[in-house]
Amino acid sequence: MLVFAPAGVVTEVEARVAAGLPERFRGQPTVFDYLGERRPGVVVTELGSWLSGRLGFDPRRGVTLLDWLSVPWQRLAEVTQGEVFHDGLPSPAAEGVPWQRGPQPGGLEAVRGLLRWYPQDVWRYVLACQWRRIAEEEAFVGRCGEVGDELGSAVEGARLVREVMRLALLLRRRYPPYAKWLGSALARMPGSAELAEALGAALAARSWRQRQEGLSAAYRRLAALQNRVGLAGRLDEGVRGYHDRPFEVIGGERFAAALLGAVSDPVVRGLPVAGCVDQLSDSTDLLTSPPRARAVTAAALGLSAPPDRLTA
């Protein structure tokens with residue numbers, strides 16, 4: 001549990017919690033061993049410092065394009081989900097920063113509302129980059145199988161299944177969690193049963209043709225979902241041949257191009273099609289370190305942080 005308090009009283013509240021917390025609550029422990037130290041399961045902190053530690057910035061002072069693209073999906077999900085039992089903190093003065101959705105009050109719920117989902121053009125950009133990831137490897141399942149490399153085909157199939165799952169969640173306005181919770185997140189998404197069945201068939205396949213069949217079924221559902229979302233012009237939802245080769249692909253590049261073509265903001269439109277930090281790297285050490293995540297994202301996309309964010 002997190003308890004947020006104004007900076008001047010954090011130490012006092014923390015001492016009160018430590019003194020009054022029972023060993024167990026409703027049969028569950030409230031104090032845990034962590035690296036040889038006994039710690040209460042209640043964390044007392046100041047909201048701004050907690051947000052900066054989790055995200056690399058305090059959203060109450062505005063959210064820049066670099067902020068949106070450098071925060072891992074897992075962190076955005078952690079901040080915007082979970083139950084809030086009471087929210088009565090005062091607000092700092094909001095500053096005029098690009099990508100800010102108007103001045104925001106300072107409570108946690110206001111921050112969660114601000115970060116609930118990407119601005120439209122940022123959403124289009126992240127989706128386009130996710131389609132590009134599929135486009136880059138969608139023919140490899142068959143190309144590996146063509147030379148008798150079923151193990152390589154299975155590895156490629158699993159990689160594509162993960163990218164499809166992430167894209168499905170992004171299309172439904174859900175931040176994809178890290179690997180352990182990805183399947184659970186898809187299962188909770190309404191209408192995902194048939195997509196999950198197709199992906200399961202692809203993973204269980206013993207031959208590249210069966211693997212391709214499961215992925216093709218999943219691709220068709222993704223294409224239909226994108227058309228329903230309406231962020232770009234409608235495209236044909238069917239799979240097609242890969243040039244003159246006997247492989248089925250959806251042509252992920254078509255969807256990426258349509259989304260990028262619908263972006264109106266010139267800064268977003270000018271970004272390299274590389275994506276947010278989760279699309280740039282799988283490194284846990286990077287994704288759990290806001291300064292590293294910001295530095296890598298800024299370098300890859302050619303973005304710079306405003307002066308007040310350089311030491312965040």
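User: What is the angle at which the axes of helix α8 (residues 150-171) and helix α9 (residues 179-188) cross?
Analyst: The axes of α8 and α9 come within 10 Å and cross at roughly 50°. This is a predicted model, where local features need pLDDT of at least 70 and side-chain atom pairs count only at pLDDT 80 or more, while totals for chains, interfaces and linings use all residues. Residues are numbered from 1 along each chain as its sequence is written, and side-chain values use heavy atoms, leaving out hydrogens and water.

User: Why are α8 and α9 called oblique to each other?
Analyst: Angles under 35 degrees count as roughly parallel, over 145 as roughly antiparallel, 65 to 115 as roughly perpendicular and the rest as oblique. The crossing is at roughly 50°, and α8 and α9 are therefore oblique.

User: Which residues make the contact between α8 and α9?
Analyst: On α8 they are R162, M165, R166, A168 and L169, and on α9 L182, G183, A185 and L186. Contact means heavy atoms within 4.5 Å.

User: Why does R294 count as buried?
Analyst: Buried means under 20% relative accessible area, exposed over 50%, and partly exposed in between (1.4 Å probe, protein chains only). R294 has 6% relative accessibility, so R294 counts as buried. R294 is located in helix α16 (residues 290-301).

User: Which residues have the most contacts inside the largest nonpolar core?
Analyst: They are L69, Y118, V126 and W131, in a core of 72 residues. Such a core is a set of buried Ala, Val, Leu, Ile, Met, Phe, Trp, Tyr and Cys residues joined through side-chain atoms within 4.5 Å.

Methods. Helix = DSSP H or I, 4+ residues; strand = E, 2+ residues; numbered from the N terminus. Axes fitted to C-alpha atoms, helices over the stretch in contact; angles between N-to-C directions.
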